Amino acid sequence: MRIIILGAGQVGRSLVENLVSEKNHITVVDTNPARLQMVHELHDVNILCAHGAHPVTLSKAGADDADMLVAVTNSDEVNMIACQVAQSLFHVPNKVARVREPGYMEQNQALFAKAAVPVDVLINPEALVTQHLKKLIRYPGALQVINFADGLAQLVAVRATTGGALVGQRISALRERLPAVEIRVAAIFRQNHSVVPDGDTVIQDGDEVFFVAARPDIRLVLNELRRREKPYKRIVIAGGGNIGARLARVLEEDYRVKVIEQDMARCQLLSERLRKTTVLYGSASDRELLLEESIESADVFLALTNDDEANIMSSMLAKRMGARTVITLISNPSYAELVQGGSIDIAISPQQATIGALLTHVRRGDVVAVHSLRRGTAEAMEAVAHGDPQSSQVVGKRIDELPLPPGAMVGAVVRGEDVIIAHDSTQIEEGDHVIVLVPDKRDMQAVERLFQVGLTFLL
């Protein structure tokens, strides 16, 4: 594919890193020469230092024959206008834009129609992070919860802990303890190394276990891997920005929610927009404030400000003072690797959420969804099997016949409304949605090629 990426920030650079190995022709545009030089030194891509929305810039970047424009600059307006110019002057067939401003998103159906601002795929990081946080709160104890096939199947990551029924037991014991539940343990990460699971693998304390099951069975499996977790009730959110406000709004009907915000004007706005949420003026790093608000009785403390260091410090303080679960928003991926699993239970990266959504729309083959796992080191993919045994490398094949990279595993096959947990003897049929977990994201290209249908497979 010929792809133009506007914006050489963290998301733009990560996108280049994911796509450059797949023989795509990539041009990166940014107004910051230092950022562009960084990209050029690391990857074999074209760079252009110019304003991304200008017609001359897009022409120089190759918009005349581009397959896709991905606009991820720091400006919503630049991203939107770039898509408009790409459509009106160059007829670029696929246009993806990152848009953060809630006011734009509230009018998205009318604003981003073909006759208005022609954006084919709209990526809103705040909405993606909010959805992710909502699922984590719904499933106490989970590190990550991902929907596949419109939510029929879910991939859940959980840290096995002493006290869980399966710690020290073989994976095959799951079937004995839950005979009515179909489950596939798709990956285990132990001390940051991938362990290829089979029935004889023994689950150890501290293991990150990724399993696939039909959505109704998720809670049963969580309870086996960890101590039985009580449902969350009391939620404290540090930071009343776009993500904090959005999350409070979706939670306040079912939970007791408090938001701590240190900007008085923002506090007043939040108090007007939120119906049942308690809005507190102050700093989440203020020990006296946390004591007054009984932080020790909080089921979840979420640090969601725009400052990584402030989020980390307030989270560590809340945890030390007795908050049951601490979730921290961290933009710097290096910080996320350092802090998760200690005082901070879960570190969330808005960049990784954005990249996962973007990759869904730029991957090759009939890929429905791509999700980044473990802060970007692994990926999970949902792909549709098309063709027949002559034109496809997967249709008509058993799972154990698929030439998957080492460690990659099929977790489940969704056929219509049925979730079929994968076994070696499971045969893939045309139209199946196949969920594959890839512990090393560098193997994604090989997995994607399996789901491509072409004349080469007829020879």
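Quick housekeeping before we look. This is a predicted model, so to speak, with local features needing pLDDT of at least 70 and side-chain atom pairs counting only at pLDDT 80 or more, while totals for chains, interfaces and linings use all residues. Residues are numbered from 1 along each chain as its sequence is written, and side-chain values use heavy atoms, with hydrogens and water left out.

Okay, the sheet. It's an open one of 6 strands, in the order E14-E13-E12-E15-E16-E17, and the pairing is parallel. Strands here are DSSP runs of E, at least two residues, and helices are runs of H or I, at least four, numbered from the N terminus. Two strands pair if DSSP finds at least two bridges between them. Which strands sit at the edges? Those are E14 (278-281) and E17 (346-348), each pairing on one side only. From one strand to the next, the twist averages 20°.

Let's zoom in on E13, residues 256-261: 4 bridges join E13 to E14, and Lys-258 stands opposite Thr-278 in E14. Helix H11 (residues 264-273) packs on the sheet, touching E13 and E14, and its direction makes about 170° with that of E14. Contact means heavy atoms within 4.5 Å; axes are lines fitted to C-alpha atoms, for helices over the stretch in contact, with angles from 0 to 180 degrees between N-to-C directions.

Next, cysteines. How many disulfides does a search of the whole structure find? The search finds 0, where a disulfide would be a pair of cysteine sulfur atoms within 2.5 Å. Cys-267 counts as buried because its relative accessibility is 7%, whereas Cys-49, at 47%, counts as partly exposed. The cut-offs are under 20% relative accessible area for buried, over 50% for exposed, and partly exposed in between, with a 1.4 Å probe and protein chains only.

Finally, two loop residues. Most residues other than glycine have a negative phi. Asp-150 is not a glycine, yet has a positive phi of about 55°. You'll find Asp-150 in the loop between strand E7 (142-148) and strand E8 (153-159), and Asp-150 is exposed because its relative accessible area is 84%. Ser-294 also has a positive phi of about 55° without being a glycine. Ser-294 lies in the loop between helix H12 (287-292) and strand E15 (300-303), and is partly exposed, at 30%.
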